[in-house]
Amino acid sequence: MAFDLLEVAVQESGEVVATFVLDRSPAIVERLGDSKSSVRDASASLLTRLAYAPRSSPQVPHFTPHRGDIKGVNGGPILLDKLAPGFTHRQWLVRTGSMGVFCGILEECRDAVEGHTMRLVPTFSKLLADPNSEVRESAAKTLAHVFAVIGPCAEASCRSKGLIPEAK
């Protein structure tokens with residue numbers, strides 16, 4: 001219920017609430033590993049909604065109060081920076097949930113997160129060797145999604161760098 005309220009707050013007053021929620025995003029990412037699937041789903045939905053809120057979306061650079069809001073300048077995707085620790089989290093549900101949120105953001109904001117996506121590909125490649133089969137499957141689906149959205153140049157780049165292990 002709390003996540004639902006935060007999601008509505010971000011949707012209706014994203015300009016005001018987004019920075020508050022973004023500061024607490026590590027705790028929201030942690031909830032991707034909750035034992036209740038409804039909490040996992042609500043936290044994933046909130047993180048995805050947060051990606052499109054003002055001052056936290058991939059299209060908006062880091063906000064610094066001293067410089068003001070400098071819209072239109074290319075900056076790093078704020079939410080993906082906050083989501084990145086979830087890919088290497090100790091709990092497998094958090095790793096799979098983080099990859100699911102990432103795929104949702106990538107599908108909607110391809111151009112804005114393309115550079116950041118290519119920096120995350122080595123992490124996803126390492127997850128192909130994770131001890132948990134569901135994490136391996138999720139990593140394979142995430143890489144396939146990256147290749148489908150970004151294009152064949154991403155796959156060729158990964159193969160040339162040896163990031164993708166050969167099929168056994």
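Residues are numbered from 1 along each chain as its sequence is written. Because the model is predicted, local features need pLDDT of at least 70 and side-chain atom pairs count only at pLDDT 80 or more, while totals for chains, interfaces and linings use all residues, and side-chain values use heavy atoms, with hydrogens and water left out.

**Exercise 1.** Determine where Asp34 lies and which residue it meets in a salt bridge.

*Solution.* Start with the position: Asp34 is placed in the loop between helix 2 (25-30) and helix 3 (37-50), helices being DSSP runs of H or I with at least four residues, numbered from the N terminus. Next, the partner is Arg31, with an N to O distance of 3.1 Å; a salt bridge requires a side-chain nitrogen of Lys or Arg within 4 Å of a carboxyl oxygen of Asp or Glu. Finally, compare accessibility: Asp34 is buried at 13%, whereas Arg31 is partly exposed at 33% (buried is under 20% relative accessible area, exposed over 50%, partly exposed in between, with a 1.4 Å probe and protein chains only).

**Exercise 2.** Work out which parts of the chain the salt bridge between Asp130 and Arg95 ties together.

*Solution.* The closest N and O atoms of Asp130 and Arg95 are 3.1 Å apart. Asp130 belongs to the loop between helix 6 (110-127) and helix 7 (133-150), and Arg95 to helix 5 (residues 92-108), so the pair links parts that are 35 residues apart in sequence. Both Asp130 and Arg95 are buried.

Terms used: Helix = DSSP H or I, 4+ residues; strand = E, 2+ residues; numbered from the N terminus.
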